[in-house]
Amino acid sequence: MKKLPFRENVTIITGASLGLGRELALQLADQGAWLALAARDANRLGEVAVECSRRDTRAIAIPTDVSQQSQCANLIERTVAEYGRIDTLVNNAGQSMFARFDELRDLRILEALMRVNYFGSVYCTFQALPYLKASRGRVVSICSLAGKTGVPTRTGYSASKHAIAGFCEALRVECEKDGVTVTVIFPGFVATGIRERALGPDGMPLGLSPHSETGMMTVERCAQLTVNAIIDRRRELVMTIQGKVGQWLKLAAPRLVDSMVRRAVERGH
């Protein structure tokens, strides 16, 4: 019988109704994980939970807005009530944004972005941590290369991703003696559809992606790499060659990296 590394592993995934979160749920369901799925869209979330349950595992849908601390607490409480423990927390929920800083007219847009991309992960981690210490479990945060290098037109987004990357680095050291591992995932451009839901300078969803997703990494491949990193309890995963090379170049030739990032944004890759 094939060994499934995540069999009966109680795993919470936020942002599980669409894109990478949905694909992670499906792939972890195939690994036998017991899933607690969270997102704002209750209907889509329920559909994903049903699809996961059909893969010979358990899955529940818990509608959650991670920007609200009380709803994050409810997510953790309901998961424990259903399964009795938590083994893995995947902080995936996020909001993208495309706008130059000087195009903004209301900074509350950035506050809202930070509540989802940063505080959403902090709230869930805070509530789940006692249970993760008991199980010697995993914290996983889906970040972005924008959390390594600032990206033009993504000032607010880059700031929120730098924040969660820094939080995870410190948390990793704090939790080492408790047996809790912290993995940070740094994808590049992935064809998830998130850009269509990205906020513009007015704080409203763009509706259309500002970049073509042709040639981008597929969401299936991104999820597969992520699942492997979670299984191996890796510290971090930078997914693309450009991202890995860019980190070295940033030390030796930072202006070159600025030019590379600018060109990448202009062509959408």
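1. Let me start with Asn117, which is placed in helix 4 (residues 108-135); helices here are DSSP runs of H or I with at least four residues, strands are E runs of at least two, and both are numbered from the N terminus. Please keep in mind that this is a predicted model, where local features need pLDDT of at least 70 and side-chain atom pairs count only at pLDDT 80 or more, while totals for chains, interfaces and linings use all residues. Residues are numbered from 1 along each chain as its sequence is written, and side-chain values use heavy atoms, with hydrogens and water left out.

2. Is Asn117 buried or exposed? With a relative accessible area of 2%, Asn117 is buried; that term means under 20%, exposed means over 50%, and partly exposed covers the range in between (1.4 Å probe, protein chains only). A polar atom of the Asn117 side chain lies 2.7 Å from the backbone nitrogen of Gln95. Leaving aside residues up to four places away in sequence, Asn117 touches Ala93, Gly94, Gln95, Tyr157, Ser160, Lys161 and Ile164, a contact being heavy atoms within 4.5 Å.

3. The protein's secondary structure comes to 8 helices and 9 strands. Of its 269 residues, 50% are buried. Take the contacts between residues at least 6 apart in sequence: 70% of them join residues at least 24 apart. The protein exposes about 13100 Å², with carbon and sulfur atoms supplying 51% of it; the areas come from the Shrake-Rupley method with a 1.4 Å probe, and for residues only the protein chains shown count as cover.

4. On the cysteines, how many disulfides does the structure hold? The count is 0, with a disulfide taken as a pair of cysteine sulfur atoms within 2.5 Å. Cys72 is in no disulfide, and the nearest cysteine sulfur, that of Cys124, is 3.5 Å away. Cys72 is buried at a relative accessible area of 0%, and Cys175 also counts as buried, at 2%.

5. The aromatic side chains deserve a look too. The whole structure has 4 aromatic pairs; rings of Phe, Tyr and Trp (its six-membered ring) pair if their centres lie within 6.5 Å, and planes under 30 degrees apart count as stacked, over 60 as edge-to-face and the rest as tilted. Trp34 and Tyr83 form a stacked pair because their ring centres are 5.9 Å apart and their planes are at 20°. This pair links distant parts of the chain, with Trp34 in strand 2 (residues 34-39) and Tyr83 in helix 3 (residues 69-83), 49 residues apart. Both Trp34 and Tyr83 are buried.

6. Tyr118 and Phe119 are edge-to-face, since their ring centres are 4.9 Å apart and their planes are at 70°. Phe119 is partly exposed, at 32% relative accessibility. Ring pairs join Tyr118, Phe119, Tyr123 and Phe167 into a cluster.

7. Two arginines are worth checking against rings. Arg58 lies over the face of Trp34, 4.6 Å from the ring centre, and the charged end of Arg154 sits over the ring of Tyr157, 4.4 Å from its centre. The criterion is NZ of Lys or CZ of Arg within 6 Å of the ring centre and within 35 degrees of the ring normal.

8. Finally, some backbone angles. Asp56 is not a glycine, yet has a positive phi of about 60°; this residue is in the loop between helix 2 (42-53) and strand 3 (59-63) and is exposed, at 69%. Arg233, also not a glycine, has a positive phi of about 55°. Arg233 lies in the loop between helix 6 (219-231) and strand 9 (236-238) and is partly exposed, at 30%.

Conventions
Polar contact = N/O pair within 3.5 Å; in protein donor to acceptor, adjacent residues only side chain to side chain.
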